[in-house]
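Dear colleague,

Please find the structure below, followed by a short account of what was found in it. I would be grateful if you read the two side by side.

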Amino acid sequence: MRLTYFDDLARGNFKHDAAGRTVFFPLGVFGKGRVLPDAATEHRLRDRLVTQYQLAIVVAIALGVLHNLLLMLVVGLGVVAWMSLRSLLLVAAYPPSDLRLSWKERYASPPSSGNVGTQWFLLVCCVALVAGGLLLLVVGDTLDERVAGFVAAVFFGAVGLARAYGLRTKRAA
């Protein structure tokens with residue numbers, strides 16, 4: 001079984017209830033889960049999530065190259081809406097669960113792959129991107145540059161905090 005960074009991201013949308021059934025949270029921490037009928041459905045949904053996350057990264061990189069803040073915002077929100085709607089539609093027929101997925105469960109679980117080096121690398125990248133965003137915020141010549149710097153600092157700051165928390169949890173385990 002292969003385990004990658006994207007597999008770890010997808011894993012965070014699944015949880016087991018008291019009866020041992022797998023519950024999938026199509027919107028992550030923002031909504032109720034759905035009880036999956038079998039392991040094959042779980043594997044199929046995980047594979048689709050991995051593909052969606054990989055596609056989202058490619059789209060984000062392509063949009064970053066264009067340097068058009070409005071286009072980045074519109075397409076970025078469109079991709080998030082498409083991914084959310086697709087996930088909801090895939091599990092609409094399954095019974096809802098009363099379980100909730102907490103932020104701690106979603107973002108603090110240590111990587112199943114055990115590759116702590118990758119997690120540290122990602123944390124260092126986040127710190128560098130926050131620094132770059134802050135620099136752009138301060139020295140940017142246009143409003144678009146300053147807004148992009150602010151957005152980068154906030155976004156990568158949040159991602160970096162989640163990575164740091166995950167590393168801390170892994171070390172404590």
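How many aromatic pairs does the count come to? By the rule that rings of Phe, Tyr and Trp (its six-membered ring) pair if their centres lie within 6.5 Å, the count comes to 2 aromatic pairs. The rings of F14 and F24 have centres 4.9 Å apart and planes at 40°, so this pair is tilted; planes under 30 degrees apart count as stacked, over 60 as edge-to-face and the rest as tilted. This pair links distant parts of the chain, with F14 in strand β1 and F24 in strand β2, 10 residues apart. The other pair is F155 and F156, with centres 4.9 Å apart and planes at 80°, so it is edge-to-face.

Before going further, please note that this is a predicted model, in which local features need pLDDT of at least 70 and side-chain atom pairs count only at pLDDT 80 or more, while totals for chains, interfaces and linings use all residues. Residues are numbered from 1 along each chain as its sequence is written, and side-chain values use heavy atoms, with hydrogens and water left out.

As to accessibility, buried means under 20% relative accessible area, exposed over 50%, and partly exposed in between (1.4 Å probe, protein chains only). F14 is buried at 9%, and F24 is buried at 1%. F155 is partly exposed at 48%, as is F156 at 25%. R46 lies over the face of F14, 4.3 Å from the ring centre (CZ of Arg or NZ of Lys within 6 Å of the ring centre and within 35 degrees of the ring normal).

Helices (H or I, at least four residues) and strands (E, at least two) are DSSP runs, numbered from the N terminus. An open sheet of 3 strands has the order β1-β2-β3, with antiparallel pairing (strands pair if DSSP finds at least two bridges between them). β1 and β3 stand at the edges, each with a single partner strand, so one side of each has no neighbour in the sheet. β2 and β3 pair over 2 bridges, and V23 has V35 in β3 as its bridge partner.

N13 sits in the loop between α1 and β1 and is buried, at 3%. Beyond its neighbours within four places in sequence, N13 is in contact (heavy atoms within 4.5 Å) with residues including V23, F24, L49 and R106.

Finally, the buried residues of α5 include Q119, L123 and C126.

With kind regards
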